[in-house]
Amino acid sequence: MKRFAQLIQQLELSNKTNAKIAALVHYFNYADDKDKVWVIALFTGKKPKRPIKSALLKYWAIEITQTPEWLFAESYTNVGDLSETIALLLPPAENTSDLQLYQWIEDLHNLEGKDDDTKKAFILNAWNHLETQERFILNKLISGNFRIGVSNKMLVNALAKQSSLDSAQIMHSIMGKWNPYEITFHELVNGVHVNTDNSWPYPFCLAYALEQAPESLGDITAWQAEWKWDGIRGQIIKRNGELFIWSRGEELVTEQFPELHFLVDVLPDGIVLDGEILAVQDKKVLSFSTLQQRLNRKTISKKQLEDAPIGFFVYDLLEYETQDFRTQTLSERRKILEQVITGLGDSPVILSPVINCTSWEELATLRQDSRSINSEGIMLKKLNSLYHSGRKRGDWWKWKINPYTVDAVMIYAQKGSGRRANFFTDYTFAVRDGENLVTIAKAYSGLTDKEIKEVNSFVTRNAIEKFGPVRTVKPELVFEIAFEGIAESKRHKAGLALRFPRILRWRKDKKAAEINTLEDLRQLLQSTL
Amino acid sequence: MALIEFTKRGIYCKQGDFYIDPWWPVDYAVTTHGHSDHVRFGNKHYLCHTLTKPIIKRRISEDLNVETLEYGESITRNGVNISFFPAGHIIGSAQVRLAYKGEICVVSGDYKIEDDGITTPFEPVKCHSFVSESTFGLPVYKWQKQEVVFNGIQNWVNNNISQQRTSVLIAYSLGKAQRLIKNLAGSVPIYVHNSIANLNEVIINAGVNLPETIRIVPEITKEALQKGIVIVPPVMRDSRWIKNLAQPVTGICSGWMQVRAHRRWQSADAGFALSDHADWNGLMEAITATGAEKVYVTHGFTAAFTRFLNEQGIEASEVLTKFGQEDDEESKVDLVAQNESKLP
């Protein structure tokens, strides 16, 4: 358990991906194989059996430390985590223990069905054998989740580095069905329980943003124009009777989208589709915020399925009849793709339409209306282009529409990092809500160095309050904030959250009284739903 | 009549007509220690411990009018007997004992119970009323012995050196820095920021035995720094200077590092729970040892700590002060230190 406790500590302290991966690799190099299986299980959301309620843990801790309940509550407020509060409150352990992580998990498992006295005796004894950080782990095993910023992809990269196996294969293996109580580490990473050959994805072809006028691309007839969808880029694979859905983040997300599982019955074998996972109703694309309700969930409720039905807008064909199709031209790929998708009939898998138009001006006009169909602009793909791996300038362009904007006033400032560590560069903005100001976004970028210096000196002179590194400033400076979307949010006081906010420009011409109101944003939210 | 009252200028002794650690300028300020939230510019007279005198002269102004006392010594002012006892917080820190017509009050400033190896250790003083800080007045703050913490720091440093990383410890120039130097000296060279080197000079001149350190100047190579320990004040945190070192890793030494959320909030690579303030047990131990009938709780978790004392049968009340801001990375003193010593 000591090794795992140390790993958690390292992972928590670093916010650098490379450092986290290094810590994981180090761990996988030295830890017990049975422990490794559990670490993979815990980090991918598989919980061990939890035979004890967390309320009991708290109660026992209060009892043996004779801490008044209100003082426990005060401590909890300061620490912010129940498992940790308990671990810190307890007196130092009188003994040590060399039990491994998996042994603790097995011991906990064996407590199932036992009476509370037996459980209590076990826990009290355990606490008396563990250091603070180990106690914290034990408490977490019983009552919480390890939220330490390790994504599936990070975990897979570490395992790939450590085992010299291919990362896509490992991703497939750990995302498959397996039981941590039974499988060995070797079986798990080698994917004995799955057929990893079937799931191989291709690298996505990516587009550059079009910054020049589209006319510079030459004759429009050499190009295919499509709507640019604002969803999750996805690759759907069917090989040997198995279906896999990969996201752009190179995560296997098959289980998250049951609406697409029918494809296993209707798609021909040996096929790979490229497209966009979207919230779709009556063949119409819904807003990204609707789709968001369906992302990164371990379980999906019936209500979520109803509120945010998933569809897949297909725009490319990478493999067909088990042949790599990426060396065919776009027009050839599209021809076959249309046949395949038309053959599916009525389904949530929809051919992403090609926009028919004969001039750039006409396309530019159509583009203005992108938002009305929840598109964020236009994709331009050269008809005779092959499907490239990654980003390659020239053949694929994204021609996005201008972002939404709002005028807001700065109310908090915080120092940046790196080159800007000595300047206040991270700002929080607010809009008016009646007499009050309510925060709507935080943004880091968008000002020139000269402007940053100016704002910095304003913040230094007009700081009202300090909260750690944050300064409350006089609401005076108005900025135009650009953003890509708006969604309801219970987490934010404003009740809504902006997507990808950034500073467009400093509106020195405007006064704080002239900024937008929360009502303005609410109306925008309503209009996009 | 009580010996002290809490006014908007600070803790005031009416009978003696003087203040203790006032935050607005007064005629006569008794000073517990040299941290910027306890001693400010502008008082006509200062009374402090012998070792605090050169520190505040260096940090505030050479022109200060300062009287000094040793621990155990006393003077009388308007009939009030004033004496100093070790507070164990930083070099020169003192608890101020006031005695008048049989009534005894102790203002402890900041204190810690553990002997840190460089500060005269805390000594409990019997009194009727006691003014206590409560910086870490929650039972989740219980320190490990400093040997354990320093072993942890030393292992961290050794590990960094073996991996060609530069170990940068963030510590207050006054107090924490000297404690680190004293307890980490011996294995590898210790390099210190100008503001720390300046204070070290003052402290050594005052007769304190401090291990040798090297002032950071532009001539010192990154390779040399990588093989040693670099100590800088909080104001240098996230600075470009640190980022330009050879694979820098930063470690923050503060009691707040006891809690994960605080460790994660700081953008450091390591956190070491090392504090110059008493932990929960230390506060309780100190207060019990005074035998005080009345406890005034200042800066920290005042509400919770006061309530707990009252529930334990120790009469306590909360007092609002301006203490406890030395933790601020931008305290005036540190900014001064930065200006007088731009690093290479």
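Two strands count as paired here if DSSP finds at least two bridges between them, and helices (H or I, at least four residues) and strands (E, at least two) are DSSP runs, numbered from the N terminus. By that rule, strand E8 (residues 80–86) and strand E9 (residues 94–100) of chain B pair in the antiparallel sense over six bridges. Keep in mind that this is a predicted model: local features need pLDDT of at least 70 and side-chain atom pairs count only at pLDDT 80 or more, while totals for chains, interfaces and linings use all residues. Residues are numbered from 1 along each chain as its sequence is written, and chains are lettered from A and ligands numbered from 1 in the order in which they are written.

**Chain A overall**

- Chain A carries 19 helices and 22 strands, and its C-alpha atoms fill a box of roughly 80 × 65 × 40 Å along the principal axes.
- Of the 529 residues in chain A, 36% are buried (20 or more other C-beta atoms within 10 Å of a residue's own; exposed means 12 or fewer, partly exposed lies in between, and C-beta atoms are placed from the backbone).
- Among contacts in chain A with a separation of 6 or more, 70% link residues 24 or more positions apart; a contact means that the two C-beta atoms, placed from the backbone, lie within 7 Å.

**Domains of chain A**

- Chain A splits into domain 1 (2–143), domain 2 (205–400) and domain 3 (404–528), with bounds from an automatic or database domain assignment.
- Five residues of domain 2 of chain A are in contact with six residues of domain 3 of chain A, and helix H14 (residues 288–292) gives the largest share of the domain 2 side, three residues.
- The centres of domain 2 and domain 3 of chain A, taken over C-alpha atoms, are 34 Å apart.

**Strands and a loop in chain A**

- Strand E11 (residues 375–382) of chain A pairs with strand E3 (residues 223–229) of chain A, antiparallel, over six bridges; here A:Gln224 stands opposite A:Lys381.
- E11(A) also runs antiparallel to strand E13 (residues 396–400) of chain A, with five bridges, and A:Gly377 has A:Lys400 as its bridge partner.
- A:Pro201 sits in the loop between helix H12 (185–190) and strand E1 (205–206) of chain A, yet A:Pro201 is buried, with 22 other C-beta atoms within 10 Å.
- Leaving aside neighbours within four places in sequence, A:Pro201 is in contact with A:Ala168, A:Gln235, A:Ile237 and A:Trp246.

**Where the chains meet**

- The contact takes 21 residues from chain A and 19 residues from chain B.
- On the chain A side, helix H1 (2–13), helix H5 (69–79) and helix H6 (82–89) each supply at least two residues, and H5(A) gives the largest share, five residues.
- By class, that side of chain A has seven nonpolar, nine polar and five charged residues (Ala, Val, Leu, Ile, Met, Phe, Trp, Tyr, Cys and Pro count as nonpolar, Asp, Glu, Lys and Arg as charged, and the others, Gly among them, as polar).

**Chain B: domains and sheet**

- Chain B has domain 1 (5–140 + 276–340) and domain 2 (146–272).
- In chain B, 23 residues of domain 1 are in contact with 24 residues of domain 2.
- Helix H1 (52–59) and helix H10 (332–340) of chain B are the elements that give two or more residues to the domain 1 side, and H10(B) has the largest share, four residues.
- An open sheet of seven strands in chain B has the order E7-E8-E9-E10-E11-E18-E19, with mixed pairing.
- Strand E7 (74–77) and strand E19 (315–318) of chain B stand at the edges, each with a single partner strand, so one side of each is left without a neighbour in the sheet.
- B:Ile82 has B:Leu98 in E9(B) as its bridge partner.
- Helix H8 (residues 280–290) of chain B lies across strand E10 (103–107), strand E11 (129–134) and strand E18 (294–300) of chain B, at about 175° to E11(B) (axes are lines fitted to C-alpha atoms, for helices over the stretch in contact, and angles run from 0 to 180 degrees between N-to-C directions).
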